[in-house]
Amino acid sequence: MEAVITVVALLFVLFLVLGAYATVKVIGAAKRGVDRTIDQARRTVEDHTLRAKSFAQPGPAGEIAQLRLKLRTSMRATQEALHAGVGEDESLKESLALFQRLSDHGRDLDGELKRLESDPDRAALAARLPSLRERTERVTGSADALRWAARDRARRFAEDDLDSLSAQIDVEAGALRHWTTSDTTAPAQPAPWPEAPAAQGPTAGQTWPRTAGDRTAPEPARPAITPPVPRAAYPWQKKPRPESTT
């Protein structure tokens, strides 16, 4: 009885532990989903704000907003392209590692541009714009190069696979149409007609070649008249009277 109680207690504790673990996992997944949703909403709001500033604020402030919007758009597109392709192409892991290093420079540049948006010294801001523009072009140029290289690689692999698939389909289609080659073979020629022999007399005629089926066994000779079968004689029958010669 004590063993049964111990087993039941252990099962109860095990169920409690599994339930707590599942609850923690579900809560963690829900929290990560909420965090991703919040981050995506925040990025969308920031992008719309930067787009509005680039059109509404003239001068250096509006240009800085344009640089930030360009930088964020390029880096986000490259990140999505590399993460989407690394699952199918292992060689993109090195490209993804390079992009992580490039992202550090991009975040530093984005933070600097964000601080300069509220700088009241417009003259100093205008003086720094050329260097900021050059840094932005270098970062976005490198990101675009990685993104387009990954896309070209994926497209090349897709074209090679399509070429191989088309060749296999052509071979299979030819195999399925094998009856066209067998139907086009020349039909068997019929047996030639026998030639008429030279005229050797009034009874000479056309002769046909003998075949294996024509060589039948000769039939046995039959007598002209079948002899009578002797009948059995019975004691009550009369003897036949000889016919008269007169």
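A salt bridge here is a side-chain nitrogen of Lys or Arg within 4 Å of a carboxyl oxygen of Asp or Glu. By that criterion, the whole structure holds 14 salt bridges. The model is predicted. Its protein chain averages a pLDDT of 75, and 64% of the residues score at least 70.

Start with the overall layout. The protein chain has 5 helices and 0 strands. From the N terminus, the order is α-α-α-α-α. Helix H3 (residues 92–117) has the highest mean pLDDT of the elements, 90. Helix H5 (residues 179–183) has the lowest, 59. Of the 246 residues, 19% count as buried. The chain exposes about 20,200 Å², with carbon and sulfur atoms supplying 61% of that area. Among contacts with a separation of 6 or more, 64% are between residues 24 or more positions apart.

Now the salt bridges. Arginine 133 pairs with glutamate 63, their closest N and O atoms lying 2.3 Å apart. This pair links distant parts of the chain: arginine 133 sits in helix H4 (residues 122–176), glutamate 63 in helix H2 (residues 60–86), 70 residues apart. Arginine 133 is partly exposed at 33% relative accessibility. Glutamate 63 is also partly exposed, at 23%.

Helix H2 also connects to helix H3. Arginine 68 forms a salt bridge with aspartate 110, with 3.0 Å between the closest N and O atoms. Arginine 68 lies in helix H2 and aspartate 110 in helix H3, so the pair ties together parts 42 residues apart in sequence. Both partners fall under the 20% cut-off for buried residues: arginine 68 has 5% relative accessibility, and aspartate 110 has 15%.

A further bridge joins glutamate 137 to lysine 70, the closest N and O atoms being 2.5 Å apart. Glutamate 137 is in helix H4 and lysine 70 in helix H2, so parts 67 residues apart in sequence are tied together. Glutamate 137 is partly exposed at 40%. Lysine 70 is partly exposed at 35%. Elsewhere, salt bridges with shared partners join Asp152, Arg155, Arg156, Glu159 and Asp160 into one network.

Two other sites complete the tour. Serine 95 is in helix H3 and counts as buried, at 18% relative accessibility. Beyond its neighbours within four places in sequence, serine 95 contacts Leu82 and Leu146. Leucine 11 belongs to helix H1 (residues 2–56). Leucine 11 is partly exposed, with a relative accessible area of 42%. With Val7, Leu14, Phe15 and Leu18, Leu11 forms a nonpolar surface patch of about 490 Å² accessible area together.

Key:
Residues are numbered from 1 along each chain as its sequence is written. This is a predicted model: local features need pLDDT of at least 70, side-chain atom pairs count only at pLDDT 80 or more; totals for chains, interfaces and linings use all residues. Side-chain values use heavy atoms; hydrogens and water are left out. Patches are made of residues with over 30% relative accessible area and no salt bridge: like charges are joined within 9 Å, nonpolar side chains (Val, Leu, Ile, Met, Phe, Trp, Tyr) within 5 Å. Accessible areas come from the Shrake-Rupley method with a 1.4 Å probe; for residues, only the protein chains shown count as cover. Helices (H or I, at least four residues) and strands (E, at least two) are DSSP runs, numbered from the N terminus. Buried means under 20% relative accessible area, exposed over 50%, partly exposed in between (1.4 Å probe, protein chains only). pLDDT is the predictor's confidence in each residue, from 0 to 100. Contact means heavy atoms within 4.5 Å.
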